[in-house]
Amino acid sequence: MRTILITGPGGSGRTTVAAATALAAAREGTRTLLLSADRTDTLGAALGSVTGPVPAEAAGHLTTWRPDAAERFRQDLTAFQTRAANVLDLLGAARLDAEEVTPLPGAEELSFLRALRDAALSERYDLLVVDLPPLPQALALLALAEELRRYLRRLLPPERQAARALRPVLGRLAGVPMPADWLYETAARWDVELAAVEAVLTDRNTAVRLVAEPGPAGADAVRAARLGLALRALRTEALIANRVLPEVTGDSWFSSLLAQQRKTLADWQEEEPYDVHPVPHLGRDPRGTDDLTALAVPAVNPSPAPAEWPVADRIAEDGVLVWHIPLPGAIREEVDLVRRGDELVISVGPFRRIVPLPSALRRCTVAGAALREGELRIRFAPDPDLWPAGGR
C-alpha cells in the first residue's frame, strides 16, 4: 500500500488538499482510505459528507475514517486495569469506570498512530491518505513511536526478563508481589505495536506531501518542515502551493500580494528538491467534490524514491567510512553531534533525534564531520581493537 502523509502550517488548507488528493485517486479507481486526526469534522465539510469513528464510504472507491481517540483510550485503560488487578487490589485502589475516563495528554496521539498502523496494514485499500495535524504537532507525532520504543527498551530491557528465578526472592524481600511478568508482557506488547507504526512510517512506499500558502510565513514553515522531516528520514513527495491567486491588473494591494506569492513560488521551484505544484484559489472555501476536483491536485507518485542515509566505504582511499545524512537547509552553527555508545545524538536547530549507528560504524570512532550542500557527512575511523584484521 502507498501511504501519503499530508501536513502543513495551520490554516494552509492541508485538510482540503488531503481530501482532494484522496478523491482524485479514488476517481482513478484506486481503493483509497482517507484517515483524519482532526477532532472536528473539517474533513467532512470539505467532502460534503459526514466523517466519524466508523469508516464510511464518501464516494466510489473512497472511504473516510476519523477515529475516536477518547473511546480507544477508555478501552486501553480498562484492559490495563484488568491486567493489573492483583496489584490494584493489593494497594486498595478504586478502579475507574469507563464512563468517567477522559483522555490524558498524549493519548490522542498514540490512539491515532495505532489507527494509522491498522489502516496501513489493511488489505482492503491500495492507498492511504493521512490528514495529519499542523506541522509542529505532526513532526512530534511522527517522532513519537521511535522515541517511546527507545524509552521502553532503556527502562525495561527485554534481556532482564530472563531473571525469573530472582523474582520470588525479591518479592519476599520487598514484602509485596512483584508484578514483573505482566509489566514486561505489557512493555513487549507496546514495543511490537510501536514497531509496527515505525515500519509504516519508514516504509519505502510512505511519503509526505507538504501544503503551504506561498508567502514569507509559508516559506519559513516549509524550510523548518523539510529539515525536521529529513532528520526523521521521511521523504517529501511534493510541495503543494495552495491558494495561488490569479493574475490581475489595476489593484495595487492585490498586486502586491500576488507579487509576494510569485516570488515565493519561484524560490520554491528553484530551491526545493521535490515537485512544487501550484493549486488555485477558488475565491471561496472549497466545499464538496466539485470544488475539490477544481483544485486539480497532482496524482500520487506511483514509484516513490526512498529516503536513504548511505554509508560510503572510503577506507581504501582515506581510511574512513562516511555516513551521509541529508539535512536540507541546515545551518552549520545549529548542528551538534554527540556519540553515546552505539547511538548518535543529532541536534539540528529546534530538532533532535537519537539514532542507532549502523553495525559497521559501531566498531569505529568518530573522526570528524562536515555539512556540505545540505548533507551532513560524518567520518568514522575503524577502531583497531574492534575491527577484524584484514577484514570488515
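Reader: Let's start with a single residue. Where does R243 lie?

Author: R243 lies in strand β7; helices (H or I, at least four residues) and strands (E, at least two) are DSSP runs, numbered from the N terminus. Please keep in mind that this is a predicted model, in which local features need pLDDT of at least 70 and side-chain atom pairs count only at pLDDT 80 or more, while totals for chains, interfaces and linings use all residues. Residues are numbered from 1 along each chain as its sequence is written, and side-chain values use heavy atoms, leaving out hydrogens and water.

Reader: Thanks! How should I read phi here, and what value does R243 have?

Author: As a general idea, most residues other than glycine have a negative phi. R243 is not a glycine, yet its phi is positive, near 60°. It is partly exposed, with a relative accessible area of 22%; buried means under 20%, exposed over 50%, and partly exposed in between (1.4 Å probe, protein chains only). A233, also not a glycine, has a positive phi of about 60°. Its place is in the loop between α9 (216-231) and β7, and A233 is partly exposed at 27% relative accessible area.

Reader: Staying with β7, is L239 buried or exposed?

Author: L239, found in strand β7, is buried, with a relative accessible area of 0%. Leaving aside neighbours within four places in sequence, its contacts include L210, V222, W268, E272 and Y274, where contact means heavy atoms within 4.5 Å. L239 and E272 are 33 residues apart in sequence, and their C-alpha atoms are 8.5 Å apart in space.

Reader: Now the sheet. What is the order of its strands?

Author: The general idea: strands of a sheet pair through backbone hydrogen bonds, either parallel or antiparallel. Here the open sheet of 8 strands has mixed pairing and the order β3-β4-β2-β5-β1-β6-β7-β8; two strands pair if DSSP finds at least two bridges between them. The edges are β3 (56-59) and β8 (275-280), each with a single partner strand, so one side of each lacks a neighbour in the sheet. On average, neighbouring strands of this sheet are turned by 25° against each other, direction ignored.

Reader: How do I follow the pairing around β2, and how many bridges join β2 to β5?

Author: Strands β2 and β5 run parallel and are joined by 5 bridges, with V129 in β5 as the bridge partner of L34. Strand β2 also runs parallel to β4, over 4 bridges, and there the partner of L34 is T64. Further out, β3 and β4 (residues 62-65) pair in the antiparallel sense over 3 bridges, with E57 opposite T63.

Reader: And which residues of β2 point to each side?

Author: In a regular strand the side chains alternate between the two faces of the sheet. In β2, T32, L34 and S36 are on one side and L33 and L35 on the other, and all of them are buried.

Reader: How do I read helix packing, and at what angle do α5 and α6 pack?

Author: Axes are lines fitted to C-alpha atoms, for helices over the stretch in contact, and angles run from 0 to 180 degrees between N-to-C directions. Helices α5 (residues 107-121) and α6 (residues 135-155) pack at about 90°, with axes 10 Å apart. They are therefore roughly perpendicular to each other; under 35 degrees counts as roughly parallel, over 145 as roughly antiparallel, 65 to 115 as roughly perpendicular and the rest as oblique. From α5, E109, L110, F112 and L113 meet L141, L144, A145 and L148 of α6.

Reader: Finally, how many residues does the largest nonpolar core have?

Author: In soluble globular proteins, nonpolar side chains tend to be buried together. A nonpolar core is a set of buried Ala, Val, Leu, Ile, Met, Phe, Trp, Tyr and Cys residues joined through side-chain atoms within 4.5 Å. The largest one here has 67 residues, and L210, W268 and W323 have the most contacts inside it. Helix α6 gives the largest share of this core, 8 residues. A second, separate core of 25 residues includes A20, L62, A207 and V211. Over the whole protein, buried residues make up 45% of the 392 residues.
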